Amino acid sequence: MEWLYEHREGFRLEPDADPETGFLDRFKPVGEVAMICKVLFREGVAGSHQVDLARRLLDHLWCDVLDGGRMLEEGQRREPISPVPFDVYLPFWEMGYRRPYVDRAVRLNQRLDSWAAMEMRPVRRLGLSAFEHRFGLTPRIPVEDAAARTWLARAPEPWTVEGYAAYDVTHTVFHLTDWGARPADLPPATADYLATWLPVWLDDWLDLRRWDLLGELLVVDACLEHPTLDARTWRAFAAAQQPDGAMPAVRDMPEEGDEDAVFDVVYHSTVVAAFAATLATSRAFSRLAGAPPSPGATA
């Protein structure tokens, strides 16, 4: 959290970007950090310093980067059917940051046939359905139907998993458990499949020193009702973190590039490290207390 706050200027938008080249491309990091801050507040295991940094970082992202939500309005106007402004807005909305125009735009666009017809990866569609539910809307495609189309739901041959599929696995779990809030919502067959094969995947990506993906898989472990919290993997993951808090994405920190370029390479792995550490610490405390995971009770 200290690294993320100290490098908060890296969460920058490009208001003058041509829509054809991706005006919304730089919105994603803002939404990711907001989501992880929400988890940090929810789990109630962070120290007061980390909580203060998270709140100050959120205020910076909302007030300065998103201009009080005005940039979300602009994104919605430029690309009316894009779900990206909604993705970014939702965690802020859940934590009390509101922009009425975006509320109205989401509720209007969600009723359009084009919203339901948008072509996207199955896990992306699952995420959108889950977000609609969290926003109080009836998902255009039910969460259960969207989940059934994902790679993980089909429990494929575990040795066929590669980078993209592994990220899809992690986000399928995040959406089904509301980012670790409800481990029991993971379908039993899926939980059994993960309990069998997740340790193998952790070993694989630990050997490759792919810290970003390894961190997400450690989150998946913490999203299970009976996480392993494997000590060997956690020791290696913690050892990869830099003294200033940054987490390399793959192997080591970049040796070249200006501050902005380095930020773009490692911000996500650092956010993931904060997510994994928060959720695993909460699960470890629950285990020590002899209680089942109940993040709502610790918030």
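Modeller: Gladly, and let us begin with a term: a residue is buried under 20% relative accessible area, exposed over 50%, and partly exposed in between, using a 1.4 Å probe and protein chains only. Helices (H or I, at least four residues) and strands (E, at least two) are DSSP runs, numbered from the N terminus. In helix H5, the buried residues are Pro85, Phe86, Asp87, Val88, Tyr89, Leu90, Pro91, Phe92 and Trp93. Please keep in mind that this is a predicted model, where local features need pLDDT of at least 70, side-chain atom pairs count only at pLDDT 80 or more, and totals for chains, interfaces and linings use all residues. Residues are numbered from 1 along each chain as its sequence is written, and side-chain values use heavy atoms, with hydrogens and water left out.

Colleague: What makes H5 largely enclosed by the rest of the structure?

Modeller: Nine of the eleven residues of H5 are buried, so the helix is largely enclosed. Those buried residues pack against H2, H3, H4, helix H6 (100–109), helix H7 (113–117) and H8, where contact means heavy atoms within 4.5 Å. After H5 comes glycine 96, with a positive phi near 100°.

Colleague: How many helices and strands does the protein chain have?

Modeller: The chain has 15 helices and zero strands. Buried residues make up 52% of its 299 residues.

Colleague: How do you know that the radius of gyration agrees with a compact globule?

Modeller: The radius is taken over C-alpha atoms, and the globule rule is 2.2 Å times the number of residues to the power 0.38. For 299 residues a compact globule would have a radius near 19 Å, and the protein chain has 19 Å, so the two agree. Along its principal axes, the C-alpha trace spans about 50 × 45 × 40 Å. Of the contacts with a separation of 6 or more, 69% are between residues 24 or more positions apart.

Colleague: Why is the pair of tryptophan 93 and phenylalanine 135 called tilted?

Modeller: Rings of Phe, Tyr and Trp (its six-membered ring) pair if their centres lie within 6.5 Å; planes under 30 degrees apart count as stacked, over 60 as edge-to-face and the rest as tilted. A search of the whole structure finds 19 aromatic pairs. For tryptophan 93 and phenylalanine 135, the centres are 4.5 Å apart and the planes are at 50°, so this pair is tilted. The pair links distant parts of the chain, with tryptophan 93 in H5 (residues 84–94) and phenylalanine 135, 42 residues apart from it, in the loop between helix H8 (122–134) and helix H9 (143–148). Both tryptophan 93 and phenylalanine 135 are buried.

Colleague: And why is the pair of phenylalanine 263 and tyrosine 267 called stacked?

Modeller: Their ring centres are 5.6 Å apart and their planes are at 15°, so the pair is stacked. Phenylalanine 263 and tyrosine 267 are four residues apart in helix H14 (residues 259–289), and therefore about one helical turn separates them. Phenylalanine 263 counts as buried because its relative accessibility is 2%. Tyrosine 267, with a relative accessible area of 10%, is buried too.

Colleague: Which residues do ring pairs link into a cluster?

Modeller: The cluster consists of Trp62, Phe86, Tyr89, Phe92, Trp93, Tyr97, Trp115 and Phe135. Trp62 is also one of the buried residues in H3.

Colleague: What makes you say that the charged end of arginine 78 sits over the ring of phenylalanine 23?

Modeller: A charge sits over a ring if NZ of Lys or CZ of Arg is within 6 Å of the ring centre and within 35 degrees of the ring normal. Arginine 78 has its charged end 3.8 Å from the centre of the phenylalanine 23 ring. Likewise, arginine 77 lies over the face of tyrosine 101, 4.5 Å from the ring centre.

Colleague: Why is threonine 228 called partly exposed?

Modeller: Its relative accessible area is 42%, so threonine 228 is partly exposed. This residue is in the loop between H12 and H13. Beyond its neighbours within four places in sequence, threonine 228 is in contact with Asp221 and Arg287.
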